[in-house]
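The following exercises concern one protein chain. Please work through each task with the structure in view before reading its solution.

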Amino acid sequence: MHANPDIKRLIIDIIACLVYKKTQMYELILRPAGISEKFFASLLKKRNVDGKPLTKRDMGAIIVQELEKKSEYKNNINSIIKIAANWNQFHLTDNEMLARATVQKAREVLNVIEIMEEKEKQLLREEKEKERKRLEEERRVAIVKMEHEIQNQSKLLLMMYDELVMMKDNPQKRGLMLEQLMNMLFNVYDIALMQSFRRNEGGEQIDGAFKLDGWHYLVEMKWTSQLTDMKQLDSLYGKVARSGKQTMGLLLSIGGWSPHVVPLMKQQPDKSIFLMDGLDLRRVLTQDIPLIDLLQKKIAKFNIESEPFVSVSMLLNE
């Protein structure tokens, strides 16, 4: 970076005129401006073409040349000018009139620098604001696009769900298609739902699993003509217990569960499973509540109020 010729002359004048002694000049001007002591010491040892020690003006010219090579050039130069603009130790110079004229010039230049810096800051603020608005608009467009996609996909999944409701003569196929529907639903909300798998050397069947807010959830899905009872819950409790400590369970029973299930779950010392029924699923598909909101609200009620099941209607009326 090259110095403006006028600025370059001013820096040299500041170094040469404000302080008579070189060591005082370094301590009062150069050191506060970030010039290294080692570099200054090397200047004291140098000689000019006549073999004499460098004058302060010679030093000033070399210092400006060296500063031009550095990325922090602007900060060093501005620091020297600010020091000179606030200078009042005229007793240290051997030419007070020249020193005062140099200080006055430094004040004029500093005023211009501050005006330019303020303009640069304003331009930077404006650029940041433009970038913020651009990113905000991109996020808004992305959200609208995502919501539109969710609406379209949810309508298709609702049609699929309604077809499954009518499929009473083939419960096994309906169960498999329910797993497919849930997998597609979770994908719509960008939640990765692992499809049915076996673990523990094939000894355990897991209908599905997903991760939400740092926790893992094993999913059991039931769609039978009979109400789910504690036998099915005990099976899921066992699977959760055999998993890692940061694992819970979700039982989705489309047809609901027998009346004694929730009271028994409340007595269960291991509070690790919460419930979801067919109405919950349908209200998600009709877009009355986003899937993520439903899950988070149910989990919050379960963890705080120890309620394994809170109906979607109650959650929407809160």
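Thr93 is in contact (heavy atoms within 4.5 Å) with Cys17, Leu18, Tyr20 and Ala99, once its neighbours within four places in sequence are left aside. The model is predicted: local features need pLDDT of at least 70, side-chain atom pairs count only at pLDDT 80 or more, and totals for chains, interfaces and linings use all residues. Residues are numbered from 1 along each chain as its sequence is written, and side-chain values use heavy atoms, with hydrogens and water left out.

**Exercise 1.** Determine where Thr93 lies and whether Thr93 is buried or exposed.

*Solution.* Step one: Thr93 is found in the loop between α5 (73-85) and α6 (96-166). Here helices are DSSP runs of H or I with at least four residues, strands are runs of E with at least two, and both are numbered from the N terminus. Step two: the relative accessible area of Thr93 is 12%, so Thr93 is buried (under 20%; exposed is over 50% and partly exposed in between, with a 1.4 Å probe and protein chains only). Step three: Leu18 is 75 residues from Thr93 in sequence, yet their C-alpha atoms are 5.4 Å apart in space.

**Exercise 2.** Describe how α6 and α7 are oriented to each other.

*Solution.* Step one: the axes of α6 and helix α7 (residues 171-188) come within 10 Å and cross at roughly 170°. Axes are lines fitted to C-alpha atoms, for helices over the stretch in contact, and angles run from 0 to 180 degrees between N-to-C directions. Step two: α6 and α7 are therefore roughly antiparallel, the term for angles over 145 degrees. Step three: residues making the contact include Ile150 and Leu157 of α6 and Met177 and Leu181 of α7.

**Exercise 3.** Classify the aromatic pairs of Tyr217 with Phe210 and with Phe274.

*Solution.* Step one: rings of Phe, Tyr and Trp (its six-membered ring) pair if their centres lie within 6.5 Å; planes under 30 degrees apart count as stacked, over 60 as edge-to-face and the rest as tilted. By this rule there are seven aromatic pairs. Step two: Phe210 and Tyr217 are stacked, at 5.0 Å centre to centre with 15° between the planes. Step three: Tyr217 and Phe274 are edge-to-face, at 6.1 Å and 85°. This pair links strand β5 (residues 215-222), which holds Tyr217, to strand β7 (residues 273-277), which holds Phe274, 57 residues apart. Step four: Phe186, Phe210, Tyr217, Phe274 and Phe302 form one aromatic cluster.

How values were computed:
Parallel < 35°, antiparallel > 145°, perpendicular 65-115°, else oblique.
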